[in-house]
Amino acid sequence: MEIAFVLFLGLVFGSFATALCWRVPREISWIGIKGDKDGRKSAARSLCPHCKNPLKAQDLIPFFSWVFLKGKCRHCSAAIDGRYPLIELFTALGCLGIYFVWGFTVPAFIIMAAVPLLVALFVIDLEYMILPNQLIFLAAALALIFIVYQALSNGFDAQILSKIAGMVVFALIVWGVGCIMGSILKKEALGMGDVKFFALSGLWLGLPYLPFFLIFSGLCGVALGLYYQFFLKKQVFPFGPALILSLYVCLLLQGLEIVPLIGVQ
Ligand SMILES: [Zn+2]
């Protein structure tokens, strides 16, 4: 039952993530149904982009609608982008991973609420090479809720101090590394979005995770960079996906109370 509930919640969050992936880079409001500054309506995703027929409720069930419709619009049979069910599936699996490690607990649900934000940041950074502020700030707000919950249940302990220090130190270190790399490569090596994401990761994880986070995200970054260089023939690549994957892995390890390279928390 718990697994079914988490999967269902994950798919709903996944549907939210696909809405964020579509709306945030296009500056369309995702809260209300107000149009954005250019007057576009935020209901954009509920129409078939090909034939403009409105989608019915049964076409909007995350993941399953796409499978039942075999990836085609029910009106015009135009192919529906497979990325939407994929994003929904990945979000659901991400939530399931958190459940297996953190259990059916309040902290688990606070982290699960951050999963669609992380998935949206991942996709948007791959596509547009930006990490939008509003998503980073929302994820930071969840990290603060997590800290407040910790403080209420365990008291104000060293872990909380370590997270606040983590936010500052993570950001300073990557900013320093960015400056050094920038002066060697004579171009901007890391964007401000990356620095903000480091601060966010520090706030979620605390200082003990810094060495592992740096090494793991560095390795993922190198892998991503090589892929961009040799397969896509691009010199510039987004670093965000490596950081996001690293934060997610650290959150799993945190649930298991393992701090790699240091030992048990
Ligand atoms: Zn259609």
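Modeller: Helices are DSSP runs of H or I with at least four residues, and they are numbered from the N terminus. Please bear in mind throughout that the model is predicted.

Biologist: How is one to read burial, and is alanine 17 buried or exposed?

Modeller: One counts the other C-beta atoms within 10 Å, and a residue with 20 or more is buried. Alanine 17 has 28 C-beta neighbours inside 10 Å, so this residue counts as buried.

Biologist: Which residues does alanine 17 touch, leaving aside those up to four places away in sequence?

Modeller: The partners are Ile87, Thr91, Pro116, Val119 and Ala120.

Biologist: Is leucine 121 buried or exposed?

Modeller: Leucine 121 lies in helix α4. It has 30 C-beta neighbours inside 10 Å and therefore counts as buried. Beyond its sequence neighbours up to four places away, leucine 121 touches Leu131, Leu135, Gly240 and Ile244. One of these pairs can be followed on the structure: leucine 121 and leucine 135 are 14 residues apart along the chain, and 7.1 Å separates their C-alpha atoms.

Biologist: Let us turn to domains. Which domains does the assignment give?

Modeller: According to the domain assignment, domain 1 spans 1-121 and domain 2 spans 129-265. Their centres, taken over C-alpha atoms, are separated by 25 Å.

Biologist: How many residues of domain 1 are in contact with domain 2?

Modeller: In domain 1, 16 residues are in contact with 18 residues of domain 2. On the domain 1 side, α3 and α4 (106-128) each supply at least two residues. Helix α4 gives the most to that side, with ten residues. Sorted by class, the side of domain 1 that touches domain 2 has 14 nonpolar residues, two polar and no charged.

Biologist: How does one read the packing of two helices, and at what angle do α3 and α9 pack?

Modeller: One looks at the angle between the axes and at how far apart the axes are. Helix α3 (residues 83-102) and helix α9 (residues 240-255) pack at an angle of about 20°, with axes 8 Å apart. Angles under 35 degrees count as roughly parallel, so α3 is roughly parallel to α9. Their crossing is right-handed.

Biologist: Which residues of α3 and α9 meet?

Modeller: From α3 come Gly94, Gly97, Val101 and Trp102, and they meet Tyr248, Leu252 and Gly255 in α9. This contact divides into four nonpolar, three polar and no charged residues.

Biologist: At what angle do α6 and α7 pack?

Modeller: Helix α6 (residues 158-185) and helix α7 (residues 192-205) pack at about 150°, with axes 7 Å apart. The two are therefore roughly antiparallel to each other, and their crossing is right-handed. Residues of α6 that meet α7 include Lys163, Phe170 and Trp175, while those of α7 include Asp194, Phe198 and Leu205. By class, the contact has eleven nonpolar, four polar and two charged residues.

Biologist: Is the crossing of α5 and α6 left-handed or right-handed?

Modeller: That crossing is left-handed. Ile147, Gln150 and Ala151 of α5 make the contact with Gln159, Ile160 and Lys163 of α6. These residues comprise three nonpolar, two polar and one charged. Helix α5 (residues 133-154) and α6 pack at about 160°, with their axes 10 Å apart. They are therefore roughly antiparallel to each other.

Biologist: Where is glutamate 257 found?

Modeller: Glutamate 257 is in the loop between α9 and β1 (258-259). Its phi is near 60°, a positive value in a residue other than glycine. With 9 other C-beta atoms within 10 Å, glutamate 257 is exposed.

Terms used. Residues are numbered from 1 along each chain as its sequence is written. This is a predicted model: local features need pLDDT of at least 70, side-chain atom pairs count only at pLDDT 80 or more; totals for chains, interfaces and linings use all residues. Axes are lines fitted to C-alpha atoms, for helices over the stretch in contact, and angles run from 0 to 180 degrees between N-to-C directions. Angles under 35 degrees count as roughly parallel, over 145 as roughly antiparallel, 65 to 115 as roughly perpendicular and the rest as oblique. A crossing is left-handed if the near helix is turned anticlockwise from the far one by less than a right angle, and right-handed if clockwise. Two residues are in contact if their C-beta atoms, placed from the backbone, lie within 7 Å. Ala, Val, Leu, Ile, Met, Phe, Trp, Tyr, Cys and Pro count as nonpolar, Asp, Glu, Lys and Arg as charged, and the others, Gly among them, as polar. Domain bounds come from an automatic or database domain assignment. A residue is buried if 20 or more other C-beta atoms lie within 10 Å of its own, exposed if 12 or fewer, and partly exposed in between; C-beta atoms are placed from the backbone.
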